[in-house]
Amino acid sequence: MRYGLYLGCNMPAIRPDVERAMRLALPILGIELVDLEGYACCPAFGTFPSADEIASLAISSWNLSIAEEKGVDVVVQCGSCYSSLRMARAKLLKDEEKRERVNELLGIAGKKFEGKPCTRHLIDVLYNEVGTEKISQVIKKNLKGLKAVVQYPCHTRFPSEVLGFDNPGRPRMLKEIVEALGAEVQHYSRELQCCGGSGGFARQAYQDAVKFTKKKYDAMKNETQPDMIVVNCITCLMYMDKIQKDLSKEGEEFSIPVFDYAQILALCMGFDPKEVASISVIPRDKIIEKITGAMS
Amino acid sequence: MIDLTKANHHLWKEIMEEDAGDIRRCFNCGTCVSGCPAAEAETPLMIRRLVRMVLLGLEEKLLEDGTPWMCVTCTACEEMCPMGVKPFEVGLAIRRWQTRKDETYIPLSTTEVFQTGHTQPVEKVGELRRSLGLPEIPPTIAKFTELLKKFQAMLRETEIVKNNDYMFKE
Amino acid sequence: MKSTSNETGSVLVVGGGIAGIQASLDLAESGYKVYLVEKSPAIGGTMPQLDKTFPTNDCSMCILSPKLVECGRHLNIEVITNAEVLDIKGQPGNFVVSVKKRARYVDETLCTGCGICQEKCPSKTGSEFNRGLSQRKAIYIPYAQAVPNVPAIDREICIYFEKGKCRVCEKLCESKAIDFTQTDQLLEIEAGSVILCPGFQEFDTSIFTHYGHRVFPNVVTSIEFERMLSPSGPLQGHLIRPSDQKVPERIAWIQCVGSRDIHLAKNAYCSSVCCTYAIKEAVVAKEHCLTPLETTIFLIDLRTFGKGFERYYERAKKDHGVRFVRARVTTLYQESDGDLTLRYFDEDRIKEERFSMVVLSVGLRQPEETKALAGRLGLKLNDYGFCETGDFSTVAASKPGIFTAGAFSGPKDIPETVMEASAAASEASSLISASRHSLTTEKQYPPEREVTGEQPRIGVFVCHCGINIGGVLNVPSLKEYARSLPDVVFADETLFACSQDNQQRIKEVIREHRLNRLLVAACTPRTHEPLFRETLREAGLNRYIFEMANIREHCSWVHMNEPEKATEKARDLIRMAVAKAMLIEPLSQMSLEVNHTALVVGGGISGMAGALQLAKQGFEVHLIERTSELGGIARRHHHTLEGKDVQAYLNKLIAEVSREPLIHIHRETEIQGVSGHIGNFKTALRDQSKGEVKEIEHGITILATGGDVYKPNEYLYGEDPRVFTVLDLNDEIAKGNPSVVGSKNLVMIQCVGSREPERLYCSRVCCGGSIKTALKLKEINPEMNIYILYRDIRTYGFKEPYYQEARDKGVTFIRYDIEDKPFVEAVKEGDKDVLKVSLKDPILGEPVFIDADIIGLAAAIVPASGRDSLAQFFKVPLNEDGFFLEAHIKLRPVEFPTEGVFVCGLAHYPKTIEESIVQAQAASAKAATILSRESIELEGNISQVVDENCDGCAYCVDPCPYKAIILLEYMREGAVKKTVEVNEAACKGCGCCQATCPKKGIFVRGFKLEQIGAQVDAALGVT
């Protein structure tokens, strides 16, 4: 299994410990990671897609063309990168005129888009290509006795006809790969509610976004007793971590550690938490201690 | 009172560019808003209302409306819309139309992506990265100045950059 | 009337739901042999699964049951269950149909239906009938009142078929009915024509993963909810929710699940029935809960377009407190206690609301297996997978000689299905009418045993009616009580007195106990008396020695909260009925010859279609039209919404009717008077142009008097020449009026005169009509701005895609509320005179206005004038809106309580041309069941004069609504004796004469004063 590793912008700049976790953990599962040298922003929906569609498609195909040159499919952790790259490819494959226009532009940079490489989300690859059995087999430590809730990235669910791999209304793959690490995954009513962190909402009306997300945290707290929240999207990771601090300013104490899946996977494989899980707002030390102290 | 007779009946074509086909199917069921996180804002994003403004041709009203920029891009509206209207895409199209009409709408992040290839300073966190055992600069466009030049040259040929070149600095 | 024609005098009907049952009965009653092929082990279809039916809230199973039993025991209907059609060969008139009959492994002739096999069978699976809410065995009878009431073995889960041993059922069956040696059979059946009624399936919810059906226990589909409500369902009608068996406090319905969804569901059409069934479920659910229940229906457009539906909706809102929210819901959160939080957008804000249960109003679709059937038979399907039908004949499939009825050709409700069934029967028989009676046999009854003079021996059956009665009254105690009453020699209880197996039992009991009176304590004689009377005849007794005690409508239903007092009352009712039963006597019935001529009133499309259908079957028809031209209101329609050419069809129809020698057209003719009755009417026709009156004789009458357009007094109609009705607008478009077709801004306003307090019905055709007009205008002038102002867009069924097309073409739809109607004023805008239309756009939440050049008003359809006198002439009722009121809104949609008179077209209710034609065909099918007979038997319960008591005061003459009584004078013992005489053929036994007579000189047989007196005495405890 060879995949081009598309990191996006946030991960290498703000949460590089996740990058480290991916780079360490995935090869152990037999995933060979190829760097997509010279990749740029996917682009994020708030950038070129909101200003110029052709420019936006040109940037996406810039990124995809790199994978094409290397002959690999792309694996992505960030939900919105996944969505942006995948929707761009779908649009270009469907619309010949746009494809031509984009190739004209790419031509300036000496690149070409043919649309061969497929963009896959990490959950998809782990569940469907690696499989839960293999994950359970390779880990050295497990999460037995820990309770988790999971956050499915919206951008991997909708629109399902373009980017769905799981059941869009009742996803289960993230849950199952977390369970493969030994944790108990608990459902709660608002499990599928968007974290609220992406796009303009949280930026332009932060207080309203906090209120929206608080409903999710209230439900989580009332209905489950999670030791951690497991996400697999950089925005979910950053936002669901940070917002707990803002909620605590309003007197609501949640303090539920948030991990990216790659991080707990790497921890279970025995990698150094200082490398793979060192950056967070809500302290994660206790959980990390439990994991690193646990016997496989 | 809004005068529908004097509205711009071709606005939907202007906004939707080539992808105009499906927006007119909207029958105002409200599905798009019912699943929208940003509809809970004090000044809510009501995508149905925006679609309505596009279809009725309420140009001025729409140009003043900042709510399209509140979208969280979760795309639930597009998934659930029974008429295949793709409200998410309509929202993006409205943003693009607004940026065409009024350059103050152009997101600054666009110029950042033009300038650095990224929305975040991936090249400025070397120390942190090194401490984790990662290369100081990730293998992105930030690492390859030649590529960045080509990238910018490519974008120079796009409408947005051509029309607003003063904003896009190398 | 045996024939020597070459056509086969039989019809094969596929599908044993209400459509198949109705078509079979109509055909069998008009002289054709019927093979009814049903794929499951029992006929019945969907109706037995439903709890109540809208808009009358009749118990679905109860109104179906008599038809089921009649179908099951009809001599000329051969019910072939567990069977499917493989192929049809041959020509119309002479088809050979291959049918595969799967082995039942139970000998239908030996089985007594005792049920021991079902009880002891060790293999279980989810019951299809109860939609998996309960279990059934490998050997099973699908439902309690199934016809035939014989189990079948499901090979798929039978342990013997799986493992080669078990056969417990065989060991326990005392009548040796289990037969594992049975094999599948291939039958070749000859039939002159074929009717397909395979029904429908509800949408598969698995594509709508966000609703969580089958994941969240308290999210159920509407059909599952019907089973939960049904007295015969797994909960016995005690509504509790699945997750924790608690009584729900708040239930939400989500409409359009799978309908009107071209994205996830890929269905462009509207399923037509879900809005009204959701209302029904919401109202009925409240009745099923002893604690207060809040009900909310989430909808896009509310589509109560059928007869009586709008009032039903208003009642649901005002009297029952059902809440209607215009919002489509897709986000459901299941709370830890099983409740569901729904997130929705209510006009201007997001709301979250918690419900105990959610019901998904799933739409109707065609399952793959019926598509495969259509494929095997080479029938065309439409874009939506339903059977394609002829342009103006919606019961003709794409191959000659093959017809369709019910949901196979599109989603529809029960009355429309029943109409189509009769229409298809009519079409199917007109093809082979020369072979009528060639394959049928006459039912032979055993000779009637003389019981007069015998000491009464009364047998009593007390019916549980599932839990309708048994859930409230103490039935075992009632049985014991009945047993204790004088002359009662037998009493027992029964789960469903009306089921087919119970009829067998009644006959056995009559023989065994030598009964000479039968009393059934159950429901109403209105629906069930004919059934039990037939059973008596089959048992060799006079059908009139029968009495019913209505312990359901008069007792358990109305006193459901006081079971003890209700049981006390039921005892009184039974005691009264026994007191009467002691005194009842056998009655004889008069037989009358039938005049084989028909009278059709109204020369519009309905009248002509009905007349033509009858003529094709060989009956002479008088068709009368009060104007000088045939065609009616259809003369003003140019195209249908679907683009069919109305004028071409109309001209063809007029030509056919004019050419038909059996049809006598009377133009400019009105009815002056009517006398007579079913089989023998005499009607005086007045030719207006000549001033002549002539009398014709006929056996039946079809009222097809059509409708008219409401003349608006709103929106400047009649004051400003730029305001038209939409119908007028169509004329202007046809004429090419430049100010119309060239206008820049055109507004159409819907519901003008409809859905108003004074006309509380939906005119049904206007939404499609205005969209048709808009599409036409867009075709002529694509730049025209067209605005349709509406309350709910009601493009039901396959009209929905035209609504979509109109939007695709840029027609703007703006919704308004009845409290806040659009305002129209003529103003000067600059130098231009415009019609300024202002209203609030609910989507923007702001007032808007349009400077219109032309306004079209979608004016209501109203019944035609002259209906009052016709109603009096033919003794038929009108409803509160002036439309003729049929005998039963569900199952007798073209008949009246007055026999021999039928209704169709706009006279019944607003409807499309195609729907009018179907109803006309249905009316002619019903008419044919009478016209094809040589004679008919009249009721025995009619008036009788006691000459000794009558002094000829004539008090009774005027009150008789049927003009059946005349005053006579004759010489008796040398003196003039005055007396009255009853025309037995005209008398309906209503009893007005008996009530007015001061001298006991006249009485209704079966309701003698001493019989009623005995009942009263019994009620008061006087002995």
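How much area is buried between chain C and chain A, and what share of it do carbon and sulfur atoms give? Hold that thought for a moment, everyone, while I cover the ground rules.

This is a predicted model, in which local features need pLDDT of at least 70 and side-chain atom pairs count only at pLDDT 80 or more, while totals for chains, interfaces and linings use all residues. Residues are numbered from 1 along each chain as its sequence is written, chains are lettered from A and ligands numbered from 1 in the order in which they are written, and side-chain values use heavy atoms, with hydrogens and water left out.

Back to the question. About 970 Å² is buried between chain C and chain A, and carbon and sulfur atoms give 44% of that. Buried area here is the accessible area, taken with a 1.4 Å probe, that two parts lose on being put together, summed over both. In terms of contact (heavy atoms within 4.5 Å), 13 residues of chain C touch 11 residues of chain A. On the chain C side, Thr209(C), Tyr333(C) and Glu352(C) supply 49% of the buried area, more than any other three residues.

The rule finds two salt bridges across this interface of chain C and chain A. A salt bridge means a side-chain nitrogen of Lys or Arg within 4 Å of a carboxyl oxygen of Asp or Glu. Glu352(C) pairs with Lys215(A) in a salt bridge, at 3.3 Å from N to O. Please remember Lys215(A), because the side chain of Lys215(A) also meets Glu40(B) in a salt bridge, at 2.8 Å from N to O.

That takes us to chains A and B. Their interface buries about 5,100 Å², with 65% from carbon and sulfur atoms. In chain A, Phe48(A), Phe158(A) and Phe201(A) lose the most area to chain B, together 11% of what that side buries. Contacts link 64 residues of chain A to 60 residues of chain B, and the rule finds three salt bridges across the interface.

Phe158(A) has another feature: a cis peptide bond joins Phe158(A) to Pro159(A), with omega about -10°. Pro159(A) sits in the loop between strand S5 (147–151) and helix H8 (160–163) of chain A. Helices (H or I, at least four residues) and strands (E, at least two) are DSSP runs, numbered from the N terminus. Chain C has a cis bond too, from Phe54(C) to Pro55(C), with omega near -5°. Pro55(C) lies in the loop between strand S3 (52–53) and strand S4 (58–59) of chain C.

Last stop, helix packing in chain C. The axes of helix H1 (residues 18–29) and helix H10 (residues 414–430) of chain C come within 8 Å and cross at roughly 40°. That makes H1(C) oblique to H10(C); angles under 35 degrees count as roughly parallel, over 145 as roughly antiparallel, 65 to 115 as roughly perpendicular and the rest as oblique. Axes are lines fitted to C-alpha atoms, for helices over the stretch in contact, and angles run from 0 to 180 degrees between N-to-C directions. Residues of H1(C) including Ile18(C), Ala19(C) and Leu27(C) meet residues of H10(C), among them Val418(C) and Ala421(C).

H10(C) also packs against helix H23 (residues 913–931) of chain C, at an angle of about 65° and with the axes 7 Å apart. Glu416(C) and Met419(C) are among the H10(C) residues in that contact, and Val918(C) and Lys926(C) are among those from H23(C). Thanks, everyone!
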